[in-house]
Amino acid sequence: MKISFICPEISQGGGSRVIAAYALELLSRGHDVQVVARLPKQDSQLRRAWSKLRSTGMTPLENRDLFFRPLGNRLTLLPNKWPLDIDDVPDGDVIVATWWRTAFEVMAMPPEKGKKAYFIQHHEVHPHLPTDLSAGSYYLPIKKITIADWLVQTMANTYGDDNVALVPNAVDSVKFNAPPRDRNARPKVGLMYASTPFKGLDVMIKAVNIARDALPDLDVAAFGKRDPEDEYPLPPNTQYLREPPQEQIPALYASCDAWVFGSRNEGFGLPLLEAMACRTPVVATRAGAAPDLIKPGVNGYLADIDDAEALGARLIELLSHPADTWRAMSEAARETVASYTWADATDAFETELLNIAGAS
């Protein structure tokens, strides 16, 4: 098949990582894949600098194409313009929208660009967006593929589409891995530092502080893209890594006895899989794929969204277990994600694209 993925700005976010993973897997299976994406918004001088760095093979500006870089000339980077021109997209068998604005672009493309698909990684109805338009994208008559059961239900219950394919995300279990281990002598909890409101950073910090009140020797580790903000102060003596190299992140997960995930609204939540793949039980709010992945008392614990007190209490419970109970939960976390491989996910994704391409 000739497959085009139509993307917004490239980034180091989880959504970009998933698109890049599918593009690379499909390429390895002999498909002709092209990813069409935008450069970040920036002035012309910075845009010229970006282009020059790419042409010389040096690290691109801000490293934003990290996940897409292995695609080489299969990645087309365009100025940040909307909408795309017809000539920006190659002819093909399937054209895949990957964000709400790209869904309208794909809908407008002529038949020679391919049958249309809409890969949905979140319900993009947020206060900072024109929600009438973003919500409107889900009414478009395009075959939808999504990543979590809650999104399948949202598409059916809110938008009347009960023919949505479910293809859960996956994790690279070679990269995200850790040997069996015992709990740390001093308990340690980790979190991702992202101040976007729906990520629930305030909830996680409050929960960790509650846990530290009960466990004064609790160590804390965190990583994020930016320096911590005054509005969201981390607990004292937190080990914080800003933009750690990707190869360091599995060791950070594996250094913790618990990973806390406090999102209010999440498409999937790749850190859930990544932490569990590194044998770290997760204490999470019921957002994204957490209810699908976590079995309370087996591989982690769940709390209601915005309930920092319950999240903190579950952290205390997990970190206070006897060593053998904690180790059993650690092994169960790893076993839970063993079937979430990119090979299996691509099997399902490829099947959906083949069905779309073959549809009359």
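1. Strand E6 (residues 143-146) and E7 pair in the parallel sense over two bridges; two strands pair if DSSP finds at least two bridges between them. Helices (H or I, at least four residues) and strands (E, at least two) are DSSP runs, numbered from the N terminus.

2. A word on the source: this is a predicted model, where local features need pLDDT of at least 70 and side-chain atom pairs count only at pLDDT 80 or more, while totals for chains, interfaces and linings use all residues. Residues are numbered from 1 along each chain as its sequence is written, and side-chain values use heavy atoms, with hydrogens and water left out.

3. E6 and E7 belong to an open sheet of seven strands with parallel pairing, in the order E3-E2-E1-E4-E5-E6-E7. Strand E3 (75-78) and strand E7 (165-166) are at the edges with a single partner strand each, so one side of each is left without a neighbour in the sheet. Helix H5 (residues 149-159) packs on this sheet, touching strand E5 (115-120), E6 and E7; contact means heavy atoms within 4.5 Å. The direction of H5 makes about 150 degrees with that of E6. Axes are lines fitted to C-alpha atoms, for helices over the stretch in contact, and angles run from 0 to 180 degrees between N-to-C directions.

4. Strand E11 (residues 258-261) is joined to E12 by three bridges, in parallel, and Trp259 stands opposite Val282 in E12. Four bridges join strand E12 (residues 282-285) to E13, again parallel, with Tyr301 as the bridge partner of Val283. Which residues of E13 are buried on each side? Gly300 and Leu302 are on one side and Tyr301 and Ala303 on the other, buried meaning under 20% relative accessible area (1.4 Å probe, protein chains only).

5. Finally, the axes of helix H1 (residues 14-28) and helix H12 (residues 342-358) come within 10 Å and cross at roughly 80 degrees. That makes H1 roughly perpendicular to H12 (65 to 115 degrees). Residues making the contact include Val18 and Tyr22 of H1 and Trp342 and Phe349 of H12.

Notes
Parallel < 35°, antiparallel > 145°, perpendicular 65-115°, else oblique. Buried < 20%, exposed > 50% of the residue type's maximum accessible area, 1.4 Å probe, protein only.
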